[in-house]
Amino acid sequence: MADATPLWETLVYGPVRSRRLGVSLGINLLPQHSKLCSFDCPYCSCGFNTPRAAGSRWPSPDEVVHSLTRALARLPAPPDCITFSGNGEPTLHPRFAVVVDRVLAARATAAPEARVGILSNGLTAGEKAVREALMRLDHRIMKLDPGPLQRVNGVRYDVHRLVDDYRALKPYTVQAMVVKGRDWDGSSDESVAAWLPRLARAEPDAVQLYSLARRPADASVLNVPRERLDEMAIAIRKALPQCRVEVF
């Protein structure tokens, strides 16, 4: 997957070599041939959102566990992480909490060394069932990007409520994609100055800064140099001295 990532067409995919998670076996809970997310980020390597594909459905917990168990049995060694990710926002699955419990049970039997984590935009983190399911995972990697919210994430949302919800997920990690658009820049001094207070209020235990590694949905979105990410990391460490900051 060195270039643009097509939609994953299998329920379990990989393992892939992740910059942040090591060897990661992915779980795609979204209906087949569909890109469904409560964000619609122009930088997304899976493309912009699509309508739900005709005839598609959400995979059942049984199907998830069956696919995961078979994938783990085929691997020569356990993955570092089993990761809920895929073609959109995994917590949109209507039985997300049940799926989490079934995956954790399968992990305990088939790959007890592997961690189970999630990449999520956090918009459902305030829902009790989702929050409790997230807390049963080993890693919660939640999104909080710098830049004008509607431009960088493609939708309007209440960022103040989001960061308040995040504090109930501790310990957790913020993942921050830093990119530039046609008329906005997530790495600008203005964007960083607006973002740092949100980050401080969210109280993450770690922050992961990164920029593009694959072709984005919108070809006008540009990468931010590593040097600028390093400068942002310094600013984060000053604002949140107890927080671990990594640049990828």
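Predicted model: local features only at pLDDT ≥ 70, side-chain atom pairs only at ≥ 80, totals over all residues.
E10 pairs with E8 in the parallel sense, over four bridges. Within this pairing, leucine 209 stands opposite valine 247 of E10. Helix H7 (residues 226-239) lies across both E8 and E10. The direction of H7 runs at about 175° to that of E10.

E8 and E10 belong to an open sheet of eight strands. The strand order is E1-E2-E3-E4-E5-E6-E8-E10, and the pairing is mixed. Strand E1 (12-18) and E10 each have a single partner strand, so they stand at the edges, and one side of each is left without a neighbour in the sheet. From one strand to the next, the twist averages 25°.

The largest nonpolar core holds 67 residues. Phe84, Leu144 and Leu209 have the most contacts inside this core. Helix H2 (residues 96-110) gives the most to the core, with six residues. In soluble globular proteins, nonpolar side chains tend to be buried together. Leaving aside neighbours within four places in sequence, phenylalanine 84 is in contact with Ile27, Leu29, Pro90, Val99, Val100, Val103, Val116, Gly117, Ile118, Leu119 and Leu137.

Lysine 143 is found in strand E5 (residues 139-143). Its relative accessible area is 9%, under the 20% limit, so lysine 143 counts as buried. The side chain of lysine 143 makes two listed polar contacts: one of 3.2 Å with the side chain of aspartate 145, and one of 3.3 Å with that of tyrosine 210. Beyond four places in sequence, the residues in contact with lysine 143 include Phe39, Tyr43, Asn121, Tyr166, Met177 and Tyr210.

Serine 220 is in the loop between strand E8 (206-210) and strand E9 (222-223). Serine 220 has a relative accessibility of 19%; this is under 20%, and therefore the residue counts as buried. A polar contact of 2.8 Å joins the side chains of serine 220 and aspartate 218. Another, of 3.3 Å, joins the side chain of serine 220 to that of arginine 182. Not counting residues up to four places away in sequence, serine 220 touches Lys180, Gly181 and Arg182.

Two helices also meet. Two packed helices are described by the angle between their axes and the distance between the axes. The axes of helix H5 (residues 159-166) and helix H6 (residues 189-202) come within 8 Å and cross at roughly 35°. On the H5 side, the contact involves Val159, Val163, Asp164 and Tyr166. On the H6 side, Arg198, Arg201 and Ala202 take part. These residues divide into four nonpolar and three charged, with no polar ones.

Technical notes: Residues numbered from 1 in each chain as written. Heavy atoms only, no water. Helix = DSSP H or I, 4+ residues; strand = E, 2+ residues; numbered from the N terminus. Buried < 20%, exposed > 50% of the residue type's maximum accessible area, 1.4 Å probe, protein only. Polar contact = N/O pair within 3.5 Å; in protein donor to acceptor, adjacent residues only side chain to side chain. Contact = heavy atoms within 4.5 Å. Core = buried A, V, L, I, M, F, W, Y, C linked by side-chain atoms within 4.5 Å. Axes fitted to C-alpha atoms, helices over the stretch in contact; angles between N-to-C directions. Nonpolar A, V, L, I, M, F, W, Y, C, P; charged D, E, K, R; others polar. Pairing = 2+ DSSP bridges.
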